[in-house]
Structure formats: C-alpha cells, structure tokens
Amino acid sequence: MGNMLCCACVPQANVGFVTRFGKFDRIATPGLTCVVPCCGEAVESTETMQVRQLDVPVETKTKDNVFVIVHVAVQYCITEGRAFDAHYALQDHTRQLSSYIFDVVRAWVPKVPLDDVFETKEEIAERAKTELAGAMSEYGWTICHVLITDIDPDSRVKQAMNEINTATRLRVAAMEQAEAAKIKVVKAAEADAESKYLAGLGIARQRRAIAEGLRDTINTVKEAGAGETADATGAAAVNTKDVMDLVLITQYFDTLKELAERSKSSVVFVPHEPQSVSNIASQIRSGVMQASAVEPMLQQPLSMKMYHGEQPQITESGSDHHHHSKS
C-alpha cells in the first residue's frame, strides 16, 4: 500500500495542477499533496498566485513623425478561483498581453504630438488597462495596473528638446536681467532727482537766509547811522551803497576763506585786486536793476507790443543811456 502513494509539495502562494493519465483532475493547494502514481496521477505543473510584472517596450511614432520607444509595465495576476482558465486557456499569456499592449499604444500615440505624449501618458496607461482588463478577464487573468515607465525619443530629438528648453530659459533670464537693470536705472534716476530736489530746497533756503541776513544787516547799519549828521564835506554818514559794499566785501573774504579750507587743490589762483569788489558790486546792482525794469514789461501781452510795432526796452536805472532794440 505504501508503494502505491506518493507525496508532492506545492509551494506557498502557488497552486498545483494534478492530472490523471494526462487529463486535468484537480488543483492542489499549497502544502503536502498525495497522488497515486499507479493510477496515473501526477502534479503536472504549478502557477504562482502572486502579482507579476511584464515589461513591454513599444516602438512607435507620434503625430509629428518622431519615433519614440514607450516602455509599458503591466502588473497582473491569476483571478481568484480561475486558475484552470489561466493555465489552460492560453498557450503563452505573456505574448497575448504584449500583443494587446502594442495594439493600444500604437493606436493612441500616433494621434498626439511628442510633447503631448509626455503629458497624456496617464491617459494612455488607463486606456491600455481598460483594453487589457476586458480582454484578459475572459482567460482568468486580472490586470492590476498598467504603467508608462518611460518615453524614450531618439537621442537627437532629446538634444534638440534640451536646446529649446535651454534657449527658452536663457531668454527668460535675459528678460529678468534687463528688467532688473531697468529697475536699477529708474530707481537711480528717481534718487538723483530727489537728491537734486532736496539740494535745490537747501540752496533756496540758504539764499533766503542770506537775503534775510543782508536785509537785517542793512537795516541795523542804517539805524545805527540814522542819528549821525553829515560830515565836514556834507556827505551822508551811511547810505545803502556803502552798506552793500561792506556786505559784499565781507562775503568776498568769507568765500576766499572757504575756498582755502575746502579746496582739494594745493594752489588756487584767484584775481585779488582792490577794484574787484567794486566791479562785482556794480555788476550785481546792474543785474538787479535791469531785472526789475524788464519784469513789468514781460507781464504785458506780447501781441499788443507787436501790434503797435514796439519792441521791449531795457532801461538801466541811474544811467543816462537807453538801449533800444530795432526789428
């Protein structure tokens, strides 16, 4: 009796197919299985129930005639309770899976450009899974996942795409650099304008303070000499011209002092003669008087002057000569 029985072991996560005289008899579960060799029983083969993966590289072309290799990974397993169909229905299930993958990928990829292939790979994978699941379920196989693991164009196409990307990024970088330089120039101009505006305010305040100081000095000197009588020659003790000359002389020497203190040059030539101050004073007085004489004329409408054939006249106060402009 012991010579009539034989024991066989089926590995874990596998199923065994027991045949009798070459015909399928039953499925052996993992563990110890007894067969009767004298009755023609034998464990013909086993199939794993684990999830398997099939890698399929598919070469095809895109809508813009670029040849690419699409790497597809199919994860599948035997449907629970349908090990018989999975084992006996197909002679080579891997070839069957590969054929369906080729059919789906080559039907979909030629419809889209190369750039869109990278963006729609999830859609391609989902479409392939749907096609495979419907076809392979009839034979006892379950499609778990379909993944597009890689899209590999020709090396020259890759290089061209990289160059396009590089050029685009360089253009963006150049635009950003130009914008930054523009901002720097604009901000520098704004800062320069603001500094000049503030400097102008400072100069205006300085000149106003100087004018007020000159006015106070003249008033003080005139008040101090108002009570004095004329001297032996009959001249007035203090007049406005003398006060202005005194103030200009004071400013003249103050300017020389600041020039000597703040100048970076070791030697500065300055014309220094006794008549220089009087010349400067006369020029200032002449300019002020001419400006005062011209200002009322400038306020009159120019059309009235041209209508009467007149030209603006500039008269220097305190002088016997008048300058007339002829058209």
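Is threonine 60 buried or exposed? Here are a few friendly notes on this predicted model, starting with that residue.

1. Threonine 60 counts as buried, because its relative accessibility is 6%, and the cut-off for buried is under 20%. Its place is in strand β6, which covers residues 52-61.

2. The surroundings of threonine 60 are worth a look in the viewer. Leaving aside residues up to four places away in sequence, threonine 60 touches Val66, Phe67, Val68 and Val70, along with Val105, Arg106, Val109 and Pro110.

3. Next, the sheet. Three strands form an open sheet in the order β3-β2-β5, and the pairing is antiparallel. Strands β3 (23-28) and β5 (41-48) are the edge strands, each pairing on one side only. From one strand to the next, the twist averages 30°.

4. Within that sheet, strand β2 (residues 14-20) runs antiparallel to β3, and 5 bridges join the two.

5. On to the cysteines. The structure holds 0 disulfides. Cysteine 9 is in no disulfide, and the nearest cysteine sulfur, in cysteine 7, lies 7.5 Å away. Cysteine 9 is also exposed, since its relative accessible area is 65% and exposed means over 50%.

6. A disulfide requires the sulfur atoms to be within 2.5 Å.

Definitions and conventions
Residues numbered from 1 in each chain as written. Predicted model: local features only at pLDDT ≥ 70, side-chain atom pairs only at ≥ 80, totals over all residues. Heavy atoms only, no water. Helix = DSSP H or I, 4+ residues; strand = E, 2+ residues; numbered from the N terminus. Buried < 20%, exposed > 50% of the residue type's maximum accessible area, 1.4 Å probe, protein only. Contact = heavy atoms within 4.5 Å. Pairing = 2+ DSSP bridges. Axes fitted to C-alpha atoms, helices over the stretch in contact; angles between N-to-C directions.
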